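Take a look at the chain shown here. The report then goes through its parts step by step.

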Amino acid sequence: MKSILVIGARGIPDVEGGAEKNAERLFPLIASRGWKVCIAGMKRHVQSDHYRGVALWRAPSVGLLAIDRQLYAMATLFKAVRTRPDIVHFTGLKSALLLWAYKLIGCKTVVCYGANCHATPSSGPAKWIMDWAKYQLRWADRIIAVTPALARKLDGPGGLDNIHVIGNALDKAEHYPDDLPAPVSGDYILFVGQISQKKNIHSLISAFRIFAKNHPQMQLVIVGDWSKNSGRKQIEDLGDERIVLLGSLPRSGLAPLYRGARFFVNPSIREGHSNTLLEAISLGCPLLLSDLPETGT
């Protein structure tokens with residue numbers, strides 16, 4: 001039986017993030033076709049040993065995120081040395097920092113490039129790390145770019161002849177129960193996503209408050225976890241009752257929100273192939289999107 005080790009998805013099911021959503025939907029399908037699939041996750045995001053035919057493995061953890069990331073990188077490499085999977089699937093560019101080591105032990109490697117990591121200039125160690133990860137793509141057996149725009153960013157002057165454009169897919173209707181009540185009522189605009197600087201949430205709120213002057217009945221509903229430097233307190237201090245912060249919700253609980261929204265908004269300044277956008281499309285929700293090539297192609 002052929003085997004796949006998946007590296008980079010923190011865990012499944014119902015873990016927020018694009019890599020995790022793709023892993024939750026894709027790899028059970030691959031397992032159902034006779035492949036032995038193991039997802040290497042992080043301890044706090046993995047609650048069981050199996051999910052729909054996929055084995056789930058927890059990397060060691062000490063409870064400190066920076067150290068846990070290093071432990072994860074080393075532990076997954078040692079797991080590959082022990083189990084010798086036929087394919088190692090990296091769910092993002094950052095997760096492929098040790099790709100060279102996997103090639104040395106004889107693994108075939110696939111890297112999924114699902115976010116434009118170079119949209120905003122960086123400097124120092126962060127830039128060196130990403131440049132090194134990108135350089136190693138020449139040793140990958142296959143590269144998956146989730147949009148043509150991302151494929152063009154990789155296919156630079158040096159050229160890469162192993163890039164394949166495979167977009168994220170729309171969910172089937174049965175993944176979204178239609179008998180759940182919505183946690184809000186009335187007219188509202190919906191944002192869903194892991195909230196960080198790249199999501200441009202403060203610009204969205206500024207625009208909404210201007211818009212709401214002429215539409216006082218409208219609410220802005222924000223769903224998602226907040227990253228460390230996303231400025232949540234600044235938003236809460238506004239004391240605007242029209243801005244509803246729901247925090248993170250399971251994907252099954254999002255269906256009534258998409259169905260009831262006037263429209264779904266994504267103001268992101270950096271994006272791959274947004275899963276929340278695809279969810280909104282699946283449920284027939286009108287869209288308002290930032291003008292990014294990755295969103296349009």
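## The model

This is a predicted model. Every value in this report was computed from it.

## Helix α1

Start with α1. This helix covers residues 18–31, which makes 14 residues. From its first C-alpha to its last, α1 reaches 20 Å. That is close to the 20 Å expected at 1.5 Å a residue. The helix also has a kink of about 30° at Glu24.

Which residues of α1 are buried? They are Glu20, Lys21, Ala23, Glu24, Arg25, Phe27, Pro28 and Ala31. An α-helix has 3.6 residues a turn, so residues three or four places apart point the same way.

What do the buried residues of α1 pack against? Among their partners are the strands β1 (3–7), β2 (36–42) and β3 (50–51). The strands β4 (54–59) and β5 (87–90) are partners too. So is a helix, α9 (275–282).

## Strands around β2

Now turn to β2. Six of its seven residues are buried, and the strand is mostly covered. On one pairing, five bridges join β1 to β2, and these strands run parallel. Leu5 has Cys38 in β2 as its bridge partner. Five bridges also join β2 to β4, again in parallel. Here the bridge partner of Ala40 is Trp57 in β4.

Helix α1 belongs to this part of the chain as well. Together, β1, α1 and β2 make a β-α-β unit, and the unit is right-handed.

## The five-stranded sheet

Another group of strands forms an open sheet. Five strands take part, in the order β11-β10-β9-β12-β13, and their pairing is parallel. Why do two strands have a side without a neighbour in the sheet? β11 (243–247) and β13 (287–289) stand at the edges with a single partner strand each, so one side of each has no neighbour there. From one strand to the next, the twist averages 25°.

Next, take the pairs. β9 and β10 pair over five bridges in the parallel sense. In this pair, Val192 stands opposite Val223 of β10. The chain goes from β9 through α6 to β10, and this β-α-β crossover is right-handed. Four bridges join β10 to β11, which run parallel. Ile222 stands opposite Leu245 in β11. Three bridges join β12 (residues 263–266) to β13, also in parallel. Asn266 stands opposite Leu289 in β13.

How many residues of β10 are buried? Five of the five are, so this strand is largely enclosed by the rest of the structure. Its side chains divide between two directions. Gln219, Val221 and Val223 point one way, while Leu220 and Ile222 point the other way. All of these residues are buried.

Helix α6 (residues 201–211) lies across β9 (188–192), β10 (219–223), β11 and β12. It runs at about 165° to β10. Helix α9 packs on the sheet too, where it touches β9, β12 and β13. The direction of α9 makes about 160° with that of β13. Recall that α9 is also a packing partner for the buried residues of α1.

## Backbone details

A cis peptide bond joins Ile12 and Pro13, with omega at about -5°. Pro13 sits in the loop between β1 and α1.

Arg52 lies in the loop between β3 and β4. Its phi is near 50°, a positive value in a residue other than glycine. Is Arg52 buried, partly exposed or exposed? Its relative accessible area is 44%, so Arg52 is partly exposed.

Arg84 is in the loop between α2 (65–83) and β5. It has a positive phi of about 45°, although it is not a glycine. Arg84 has 47% relative accessibility, so it counts as partly exposed.

Note on methods. Residues numbered from 1 in each chain as written. Predicted model: local features only at pLDDT ≥ 70, side-chain atom pairs only at ≥ 80, totals over all residues. Heavy atoms only, no water. Expected span 1.5 Å × (residues − 1). Bend = angle between axes of the 7 residues up to and from the residue. Buried < 20%, exposed > 50% of the residue type's maximum accessible area, 1.4 Å probe, protein only. Contact = heavy atoms within 4.5 Å. Pairing = 2+ DSSP bridges. Axes fitted to C-alpha atoms, helices over the stretch in contact; angles between N-to-C directions. Right-handed = clockwise from strand over helix to strand, strands pointing away.
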